[in-house]
Amino acid sequence: MPLNVELAEVRDFLAAHVPFDSLPAVVLESVPPGLSIGYHRRGSVVLAEGSTPVELLVVRSGAVDLRDADGELVERGAAGTCVGGAALATGTPQPVTVRAIEDTLVLAVPAELFHRLREQHPDFAAFFEHRAGMLRDAVARQREHVSGADRSVLSSTVGELVTRPPVSIRADASVLDAARLMSAERISSVLVTDGEALVGIMTDRDLRTRVLAVAVDPAGPVSAVMTPDPATTRPDAPALEALLELVRRNIHHLPVVEDDRPVGMVTATDLLRLQQANPVFLVGDIARAPDVATVAELAARLQRVVAGLVRQGTSAHDAGRVVSTVGDAIEQRVIALAEAALGPPPVPYAWLTLGSRARFEQALAPDQDHALVLHDDYRPDLHAAYFAGLAEQVTGGLETIGYPRCRGDKMATNPRWRQPLGTWRGLVAGWVGTPTPDAILEASVFFDLRHQHGDPALTAALASYQRRAAQAAPIFLAHLAAAAASHHTPLGFFRGLVVDRSGEHRDTLDVKRGGINTIVEIARLHGLACGSSATSTLVRLEDAVAAGRVSPTLAADLRDAWEFLAHLRLRHQVEQVREGAPADSWVDPSVLSDFEKRHLKAAFGVIRSAQVAIAQRYPVREMT
Amino acid sequence: MTPDDRTPLDRLPLLAVDLETTGLSPTRDHVLAVGWVPVDGARIVLSGGRRHVVRHGDPGEAVAIHGLTHDDLEEGRPLPEVLGELRRALAGRVLLAHHAPFELAFLDAAFRAAGETPALPPAVCTLELQQRLLGRHGEIGPGELRLWTARARHGLPVTAAHDALGDALACAELYLAQAAELGVSGPLSLGDVRRREPWLDRVRAWWRGRR
């Protein structure tokens, strides 16, 4: 019997919300007649902490707050929010109090029906289980979601690569004429025709091997030395097919023929240009760039490279490495160009990269973070001008290329960030020994450092000093812990807005400050505490697990949360770049799918548990 | 057994009923469809929700309003059968409707036409309750007593499709909201919310009973 219209509406409501959306249509149809409807006035308790739920409640209209025993807001939910499900599933007391914050209508799913749905439908059941690693699948799906959307390289055709009409010569022309024509046209091969038909091809290699090496008379006809009946391709052939043809035959030129007439030529170079979106080529090109302007031109390609990587389903971790590697190439090239202009340094120095790029986690909206470590032979009166000039030239160059100056002035242009090794040691000792809020802030930038250029021994000396100093300073670590634990991580979403613990609503989600940075700080704390020399967040977490400081489960969850958040930011930035907007980390919650919101909530939950673990380990409360 | 006036609202069994008719006159117009859903105390029980289309030869123009097709009406069930089911569903329950006099008058006429003694149960009218709630805040504006306006005032969802069951359910949800609001000052019983028949209606009923 078909459902009555109004019950169909209850069904449609359920179908629009997790986890009911995972139920097959025929099952969903059978649910509404098993339900009842209740009503709760604003302010009244819907489900009390400690009670034993006998049904799953689904908010049909209105809104509820979930608060723990301390009265802390744990979740705020509008229509579609399920309450009591986890306790009902495990047969345990309700962990949080659910209170209506607006007049609220609820659909009640009786225990028996709830359990039957769980038994028969694993996706439905999984929603009520907070299993470890629940973000793992989400991370995989997040990448799947975008892969296959674009195959720019693979979808190109040969016709799209042809840039000019073919240059051809008659078969009875002399070899000399052909060579002159190639020279004048600056081409490495010429088509040989008889009337309109293609009869052969002559290349630079043919001139070398079939003319010069064997002393053939250049006055003789081209037809005697050309490759007759060459392999050809069609304008509508996939570029990849043409590329494979070249590789298979070990040749570099492929005439493009349409209706028996040559219409163009594709070369190995043309096909490689397709690979322009390949970061390996980009890094190579940057390293050879003759000036800053050329570096800037090449750097402009980075965004396209990243967009391509994202579309191909690359993880945020890998994309971060690519962006960082290209960033390194740019910085190194700009430093080398500056050194070439200013002459060799008067004393050895090391150029350090700080912050996200030092962690190999750079995103698409980077600024500059760097510092200079000078050899202890440095004499300000003699050498200050050189290094100030170098710093200014490199920083200015990077700015031209598109890396804005650091707003916090954590750059080599700042004399404070351009010090001899001995002075750096003193600074580090100061931060670690007297951890004021400013010291913590500066240290958190400076403890993520990587050698970029110059004398690696200076970098290594400073890094190892830092590592030992931090590990031996429990008070410093406790302050890092306090900072990491005090960040407000959002709880989730409420009617398209971001909600945090204070119950405040915001209309944008700052993925960087609200999530990624907190994970970075947590990993830095644990990494420094166990003496890890790594800068990357994920490696620091691994080291912390090996040292027994963080449980493998929490570390795995943090890694997944980081990847999920970073990937979300990356896609957001790629989208911004596509629309011609400057990239940032501010995501409008209204563009997030339910899937993303649900897993963001889970990622925030992971961060909060890591914060709680830190707060338990360090006397955080007394310090904030 | 029909609940008496002392029955507390949190244990009161009701049946929200909605009729779709060809017009407004219980004597001239006909019932096209009947929808109902039970309310047990403060819970609407969806398993008891029903909607019956009444078989009809010539429904006239009202059909378009209710979204019923002629095919629906031809496949409908005879009115006496539908009335029989309604009577069983109503057993031991209070009738709940938005503007209950309308439902009561049509049912009274329909039962009589079928040759049955109506003996309709006590009724709770959500329109009347809304009037009472709004009256507390002064003058009642035009249209404020309509079912969907009243629901909106209680923050209840606006739904698109309105059929006899949909309206019965909409009325039942409104009742839960009203009962919760009225109950803020203390527990209520049926006597506090039951519709009081105006004396003229009572005389008419007595007169009809004598005929």
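1. Strand β3 (residues 55–61) of chain A has seven of its seven residues buried, so the strand is largely enclosed by the rest of the structure. Here a residue is buried if 20 or more other C-beta atoms lie within 10 Å of its own, exposed if 12 or fewer, and partly exposed in between, with C-beta atoms placed from the backbone. Helices (H or I, at least four residues) and strands (E, at least two) are DSSP runs, numbered from the N terminus.

2. The model is a predicted one, in which local features need pLDDT of at least 70 and side-chain atom pairs count only at pLDDT 80 or more, while totals for chains, interfaces and linings use all residues. Residues are numbered from 1 along each chain as its sequence is written, and chains are lettered from A and ligands numbered from 1 in the order in which they are written.

3. β3(A) has antiparallel partners. It is joined by six bridges to strand β8 (residues 104–110) of chain A, with S61(A) opposite L105(A). It also pairs over two bridges with strand β6 (residues 82–83) of chain A, again in the antiparallel sense; there L57(A) stands opposite V83(A). Two strands are said to pair if DSSP finds at least two bridges between them.

4. Chain A as a whole has 26 helices and 23 strands. Its radius of gyration is 32 Å, well over the 25 Å that the globule rule gives for 624 residues, so chain A is more spread out than a compact globule. The radius is taken over C-alpha atoms, and the rule is 2.2 Å times the number of residues to the power 0.38. Along the principal axes, the C-alpha trace of chain A spans about 100 × 85 × 40 Å. Of its 624 residues, 42% count as buried.

5. Chain A is divided into domain 1 (5–129), domain 2 (158–273), domain 3 (278–472) and domain 4 (477–623); the bounds come from an automatic or database domain assignment. The C-alpha centres of domain 3 and domain 4 of chain A lie 25 Å apart. Their contact takes 26 residues from domain 3 of chain A and 28 residues from domain 4 of chain A, two residues being in contact if their C-beta atoms, placed from the backbone, lie within 7 Å. On the domain 3 side, α14 (302–311), α15 (316–342), α19 (437–446) and α20 (456–471) of chain A each supply at least two residues. By class, that side has 15 nonpolar, six polar and five charged residues. Ala, Val, Leu, Ile, Met, Phe, Trp, Tyr, Cys and Pro count as nonpolar, Asp, Glu, Lys and Arg as charged, and the others, Gly among them, as polar.

6. An open sheet of four strands in chain A has the order β17-β16-β15-β18, with mixed pairing. Its edge strands are β17 (418–420) and β18 (449–454) of chain A, each of which pairs on one side only. From one strand to the next the twist averages 30°. Strand β15 (residues 349–354) of chain A runs antiparallel to β18(A), with five bridges between them; the bridge partner of A350(A) is G454(A). Helix α17 (residues 380–401) of chain A packs on the sheet, touching β15, β16 (370–374) and β17 of chain A, and its direction makes about 160° with that of β16(A). α20(A) also packs on the sheet, touching β15, β16 and β18 of chain A, at about 55° to the direction of β15(A). Axes are lines fitted to C-alpha atoms, for helices over the stretch in contact, and angles run from 0 to 180 degrees between N-to-C directions.

7. Between the chains, the contact takes 23 residues from chain B and 20 residues from chain A. On the chain B side, β3 (43–45) and α7 (164–182) of chain B each supply at least two residues, and α7(B) gives the most, with eight residues. By class, the chain B side has 12 nonpolar, six polar and five charged residues. Strand β1 (residues 36–40) of chain A pairs with β3(B) in the antiparallel sense over two bridges, and S36(A) stands opposite V45(B).
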